[in-house]
Every structure is written in C-alpha cells, then in structure tokens.
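Keep the structure open as you read.

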Amino acid sequence: MYESIPAELKQQPQWVCWKAVPDESRPGKIKKVPVNAKTGGFAQSNNPQTWCDFATAAREAGHYAGIGFMFANGYFGVDIDNIPDEIADYQTGGTDNLVAEFVHTLRSYAEYSQSGNGIHVLCKGSLPPVGRRKQNVEMYSSGRFFVMTGNSCSEYAGIADCTERIKPLHEKYIGSGASPAAARELARLVSLTKPEILELAKASRQGKIFSDLYAGEWEEYFPSQSEADLSFCNLLAFWCRCDTNAMDEIFRSSGLMREKWDWRQNGSTYGALTLQKAVKDCRTMYEPSSEYTVSIGPSPPEKPKAYPLDDTGNAQRVKDLFGESIRYCYTDKSWLYYDGRRWKYDDTGEPKRLIDAMLESMDAPVWQRFLEDIFQGDAELIHFVQKAVGYSLTGSTIEQCMFFCYGTGRNGKSTFLDILMQILGEYAVNIQPETIMVKKQAGNAN
C-alpha cells in the first residue's frame, strides 16, 4: 500500500498514525487527528518525541485510519484540495490544469489525497518566509502533517529540492513579496508636486484612461469600481514611485473617492490595502529624464544589448520589442493588446505571430556557419535536422523513429551534440549504448 512512498521519507523519524474524528464545526466533515503510534496518545506537531519511524507507524496503521508525515528538518509539503475536475483532466492527459502545473514544476513525489479530490506534493528545501494558505492551496514546512496514501500521481519517484521551484507557484497562488513599507524605503522619491504628477500622467500614452479614472469615469473600462480603484492605484504607483502618501493624496482628490476608501478591512482600511497591493505589484517606476547632458569627444558606439540564451532572454526580447503594445496575463493564460485606449484580450493571434517573426529573425552567424560546414551546405539536410531536434524536444513517440549522427571522426558530431545538450539543459540526458541494444539472452531490445 505504501510501496511508492520514497525511501528518503521512510528513513526520517517523522511518522505518526491518524484517526478520523467528526468535525462539529463542519457537519458531515472529519478532522484528521495525529496519533502517537508508540503510545496511542495524541501526537504533537511541535514535539518529535511523539513521532516514530516509518516501520512502527505502518505496523500500527491497522488500528487507525492510516499514517501521516510530520513536516520538519528541511521538508515541506504542498496541499491542493477540492479539485476533482482538475484531477480528471490531468488523468486524461491534460497539461493545462492545476495538478500538472504543480507536479511538473516541482518534479518531486506527489500523491492523491485521502479524499481523492486533491493532491499532496512533498519536497525538501525551504518555503518563502511569508504566506502559507490561500483558498484551496496550502504550503507548510512545520507545525503540520500530511495524511499519506501511497497513491502516487506522477512519474517523479524521489524527493527533490524545490526551494527555487516553489517560489513562482507560491507567489502566484499565495503571495508574499516585499512589504509595501520596504518597497517605499527603496524607492528614490521624485520631488514633484501633485499638479506636476497629474500633468505628466495625463500627457502620457495612457493619459486617456488616467484622465477618465481621475474624473471618476470608470464604467467604460471595468465591470466594477473596485477594479477601477486598483487599476488607478497601479498607475499612481508608477507615477508616484510607490510613495503611498502621494498616491493616497491624489486618489482622495479624484472622482473615484468614496466612503469605502476608509472602511475598516482586515485590520487596515480598504484604501490602504488597495495601495499596498498596487505597490507590491509595481515593477517599474517613473524615471525623470535629465535636463542637461555633458559630452566630451565622440560618443562610443552603443553596444547591442545581450540577452540570456534561454526562455528568459526571449521574454526580455519580446518585452523590449513589443512591451508597449502587447502583454501576457499569466493567471488567465491569455494575450492582451493595447488598442490606443485600453488593454483588450486578443482574439486575432497577432501577438503570437509577432513573437514567431521575432524568433525567425534572430541571427546566430557562428552557429549557422558551423551547420553549413558540417552539413556541407546542404540546406535541405539542415532543415531536416532542425525538425528532428524539434520533434525530439516534444517527447512524442508517435513517429516511432530514432536519429543517429553518422560519419568518420572529427566531422562535428560530438560538437553538435554537446551544443544541443548545453542548450536543452535538463531536457537532455546521455544514455549508454547498451540501453537500446538487443540482449543476447533475451533476444529483444531493452
């Protein structure tokens, strides 16, 4: 029953049993209460003396509802509950769902929860310092235990260090980031008056929407005023360089100001929380141009901008080339474009065509000369090899084919493959020839 649980976890003395107790606060639901497998008393998440080894917990599990793993000593877990539709899509091969996103991003042992309607992912490493739960996504590294089912839901059999991998998922689904106060301290405030800020903002490319929102005319852009409030605060965060005092002053003078701005909410006010979110989400701030420049002698030639040779570099290219006109919304997984007045969801496919054109226009002269040299200028063969490498990247086996580099020594085979390995990173791996050879005893291939 527990065969698929990684041996690394089984070696940790962090195991308990658990029993189901009716939850009086939620009729029809149960509480999962940890039990000390050695004594039958309650186990405590902050007392390792009440935990035990895996063998003891597994042996005693028959007297209780099952076994559980306490988080401590560099292990953490992700719990996603109540996602039956996402699980159904994942089980039928879907990749655009919550389960696939967490499983294939973390690449660590994952299993279905006791209810069958959720998943648990167990990792080692550390979580971001702030934020442990939001809606149905929870992440814990201490003070909690997971009920273990052994019902694995992925091909990842080991426990991976996910300290870095968890960060974008945590930020997306729970959120932490720097506090607004810290962000303000780092910001170099601009000594502009309120009229000067308003004049600059209204004269900018987004001046129309800024002017309309400042006048309180939001109905054309948003379905609710709360969304308009946040959007206007996002604009203010840029122009006020995240100075919440200046942002608050301008907002209070705008047509959006209403009593709700000062309503108490979550230990603060609606207005303060809206400003804090805008500051947290602000990625760029207004930088005033210098009035005077001094130049002595001829200006040195401007060096072309260097980009990382990965997807991050490609994303930066897209931002630099098209960032004023297109955006990608990660949460909605949709492209948007700016129509001169507002951002609209794209239904034309133009952003993807722009990106394809950008990638096709990218030049790699040294690589191109190398290909022409080793393939003796055969453009058709070079195109075929490009397709072969692209097909290999998909992981598909539908074509049932294998590609071999053939030739005498020193003709570029090893260099070609070494470069591909460097580019593909963990998408590529070396295997021994014996892996695909016929065994004499068996008479068939491995």
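The accessible surface of the chain comes to about 28100 Å², and carbon and sulfur atoms hold 52% of that area. Accessible areas here follow the Shrake-Rupley method with a 1.4 Å probe, and for residues only the protein chains shown count as cover. Please bear in mind that this is a predicted model, in which local features need pLDDT of at least 70 and side-chain atom pairs count only at pLDDT 80 or more, while totals for chains, interfaces and linings use all residues. Residues are numbered from 1 along each chain as its sequence is written, and side-chain values use heavy atoms, with hydrogens and water left out.

Of the 446 residues in the chain, 36% are buried; buried means under 20% relative accessible area, exposed means over 50%, and partly exposed lies in between (1.4 Å probe, protein chains only). The chain has 16 helices and 14 strands, which are DSSP runs numbered from the N terminus (helices are H or I with at least four residues, strands are E with at least two). Counting contacts (heavy atoms within 4.5 Å) between residues at least 6 apart in sequence, 63% join residues at least 24 apart.

Now turn to the second largest pocket. A pocket is found on a 1 Å grid over the protein atoms alone, as an open set of points where a 1.4 Å probe fits, with protein on both sides within 12 Å along at least five of seven lines; lining residues have an atom within 4 Å of a point. This pocket is lined by 37 residues, and S392, F403, F404, C405 and L417 lie nearest its centre. Helices α15 (379-394) and α16 (413-424) each supply at least two residues of the lining, with α16 giving the largest share, eight residues. The lining divides into 25 nonpolar, 10 polar and two charged residues, where Ala, Val, Leu, Ile, Met, Phe, Trp, Tyr, Cys and Pro count as nonpolar, Asp, Glu, Lys and Arg as charged, and the others, Gly among them, as polar.

Next, look at D212 in helix α8 (residues 207-214). Is D212 buried or exposed? It counts as buried, because its relative accessibility is 10%. The side chain of D212 makes a polar contact with the side chain of Y221 at 2.5 Å; such a contact is a pair of N or O atoms within 3.5 Å, and within protein one must be able to donate a hydrogen and the other to accept it, while residues adjacent in sequence count only if both atoms are side-chain atoms. Beyond its neighbours within four places in sequence, D212 is in contact with E217, E220 and Y221.

Helix α10 (residues 244-252) has T244, A246, M247, D248, I250 and F251 as its buried residues. At the start of α10, a side-chain oxygen of D243 comes to within 3.1 Å of the backbone nitrogen of N245.

Some loops deserve a stop too. Most residues other than glycine have a negative phi. N73, in the loop between β3 (66-70) and β4 (75-80), has a positive phi near 55°, and N73 is exposed because its relative accessible area is 61%. R107, in the loop between α4 (98-106) and β5 (110-112), also has a positive phi near 55°; R107 counts as partly exposed, at 26% relative accessibility.
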